[in-house]
Amino acid sequence: MASQISNPNATVLVSELVPAGTNLTFPGSDPSCNRPFQVVSADICRIAMFIKTSGRSGINFEAWLPSNWTGRFLSTGNGGLGGCIQYEDLAYASALGFATVGADNGHKGMSGAPFLNNSDVVEDYAFRSIHTGVVVGKSLTETFYGHPHSKSYYLGCSTGGRQGLKSVQDFPDDFDGVVAGAPAADFNHLIAWMGHFFGITGNTSAPTFLSGKQWTDLVHPDILSQCDGIDGVKDAIIEDPDVCNYDPSGLVCTEGNQTDACITEMQAEAIRKIFKPFFIEGEFAYPRIQPGSEIEAATGPVRLYTGAPFIFTSDWFRFAVFNDPNFDVTTLSDKDWALAQELDPFNISTWSGDLSAFRGRQGKLLTYHGQTDGTISSKNSERYYEHVSETMSLGTSELDDFYRFFRISGMNHCFNGVGAWEIGQTLNGAGGIANLNLDPDSNVLMAMVRWVEEGVAPEDILGTKFVNDTVAQGVQFARRHCRYPLRNMYDGVGDPTKKESWSCQYV
């Protein structure tokens with residue numbers, strides 16, 4: 001195979017047959033990617049390449065070409081500021097018969113340091129890595145199998161969600177169907193929003209700061225007490241955080257009675273600010289973080305409420321905006337947030353509302369967003385949907401023809417959470433390929449395949465919650481997640497753990 005690959009900008013690093021069950025290791029993977037190995041679930045031809053994208057940049061690229069090819073092609077995405085190939089997604093899609101590709105966004109590891117004084121690496125990150133991988137990947141697929149793919153798909157979440165939207169907006173011919181989870185759209189405002197929480201909480205010694213324990217033990221239960229029952233049942237899941245207008249006043253200590261079981265008025269005011277929309281120089285910039293997200297935002301793997309500048313914001317401003325690794329990120333303010341949006345390198349904002357070209361070629365877009373996302377506000381995915389509606393002058397019924405958005409109650413950032421969050425978006429969430437539910441009603445990727453190839457659009461998505469998030473322990477409950485703008489409501493009489501006891505309603 002390697003002798004048949006002719007691309008003047010590509011260097012083949014690996015070309016090998018890999019049997020199903022092989023535990024592939026990646027000794028060159030940056031430790032910050034936390035992906036040292038991956039079990040391969042199908043017989044594949046694995047091709048790894050370095051592809052030059054300019055005189056001072058390039059991408060590390062992989063194609064996993066399965067023996068059980070269905071004729072379908074799929075590109076995977078990335079996360080954070082990261083240059084990490086998501087091998088678990090390559091294993092997932094290739095096991096289902098997709099010719100699957102992935103790349104590292106033009107740099108290795110989760111740090112933004114490679115952006116320093118190198119706009120070509122920023123360009124790779126903004127759009128070029130994904131698009132280049134698609135172009136090369138489709139060519140490899142045709143060479144390997146002897147004929148071109150039949151349909152082309154995309155699957156990604158977070159930065160991967162943004163990459164999916166970027167493809168739909170700027171490269172509408174790349175994919176027939178795009179599944180974009182928790183997309184990091186309106187990127188510059190998102191990065192600023194992530195950074196602005198430090199200005200609210202202060203450092204860990206500030207009187208406005210709340211510890212992770214306070215968020216978990218005091219604020220979160222108080223939010224549930226005020227908002228959990230709005231959907232008709234108290235089950236620790238807020239189906240629609242939009243209707244939750246949280247007031248922390250009840251947690252404030254009475255005068256002279258300060259204990260660990262209450263908070264100060266200064267802390268309460270900080271909470272109020274945290275749950276407000278974000279403005280830059282008096283102009284709306286980004287929606288509020290949703291109530292219910294606070295445990296992940298305060299204690300999760302990527303935390304916003306740490307008492308320190310947010311790491312992605314710090315790296316972006318140091319290495320991409322100011323090209324100064326010594327820039328003091330604790331001084332970031334409105335003028336800096338505004339500058340980042342003004343620069344908008346390579347249109348990384350990913351905020352075009354005109355999807356006419358994608359719609360015109362019968363492309364399909366499915367987005368989903370966890371309602372307890374503590375990294376990217378789920379409200380922003382609603383905002384993008386409305387932006388497309390307004391830009392294209394299309395109502396919900398017309399958007400439904402090519403664009404559907406699903407709010408996943410109780411899902412954190414891309415996966416995990418208290419809700420029925422397993423919707424086929426990852427291999428790991430199902431506990432491996434053997435346990436994967438491929439019913440299109442329960443699997444967003446297969447729902448997209450059915451939509452593209454059979455014309456059957458998903459009306460809702462059936463999510464599953466396993467006991468302790470462990471498949472072997474069985475199903476705890478299932479719930480259908482509604483397409484926006486419908487809201488999920490309990491019928492008031494049935495077993496709330498049964499999907500039949502809920503319905504999607506216009507409220």
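Mentor: We take the charged pairs, then the rings, then the core.

Mentor: This is a predicted model, where local features need pLDDT of at least 70, side-chain atom pairs count only at pLDDT 80 or more, and totals for chains, interfaces and linings use all residues. Residues are numbered from 1 along each chain as its sequence is written, and side-chain values use heavy atoms, with hydrogens and water left out.

Trainee: What makes E265 and R272 a salt bridge?

Mentor: The rule asks for a side-chain nitrogen of Lys or Arg within 4 Å of a carboxyl oxygen of Asp or Glu. Here N to O is 2.9 Å, so the pair of E265 and R272 qualifies. By this rule the count comes to 32 salt bridges.

Trainee: Why is R404 called buried?

Mentor: Because its relative accessibility is 7%. E459 has 44%, so E459 is partly exposed.

Trainee: What do D460 and R480 tie together?

Mentor: The salt bridge has its closest N and O atoms 3.5 Å apart. D460 lies in strand β14 and R480 in strand β15 (residues 475-482), so parts 20 residues apart in sequence are tied together. R480, at 26%, is partly exposed. Elsewhere, salt bridges that share partners join D240, D242, K379, E382, R407 and R487 into one network.

Trainee: Now the rings. How many aromatic pairs are there?

Mentor: The structure holds 31.

Trainee: Why is the pair of F279 and F284 called edge-to-face?

Mentor: Rings of Phe, Tyr and Trp (its six-membered ring) pair if their centres lie within 6.5 Å; planes under 30 degrees apart count as stacked, over 60 as edge-to-face and the rest as tilted. F279 and F284 are 5.9 Å centre to centre with 85° between the planes, so edge-to-face applies.

Trainee: What makes F405 and Y484 tilted?

Mentor: The angle is 50° and the centres are 5.6 Å apart. F405 lies in strand β13 and Y484 in the loop between β15 and β16 (487-490), so the pair ties together parts that are 79 residues apart in sequence. F405 is buried at 0%, and Y484 is buried at 11%.

Trainee: Where does the charged end of R72 sit?

Mentor: Over the ring of F98, 5.9 Å from its centre. The term needs NZ of Lys or CZ of Arg within 6 Å of the ring centre and within 35 degrees of the ring normal.

Trainee: How many residues has the largest nonpolar core?

Mentor: The core has 56 residues. Such a core is a set of buried Ala, Val, Leu, Ile, Met, Phe, Trp, Tyr and Cys residues joined through side-chain atoms within 4.5 Å. Its largest share, 8 residues, comes from helix α4 (residues 187-201).

How values were computed: Buried means under 20% relative accessible area, exposed over 50%, partly exposed in between (1.4 Å probe, protein chains only). Helices (H or I, at least four residues) and strands (E, at least two) are DSSP runs, numbered from the N terminus.
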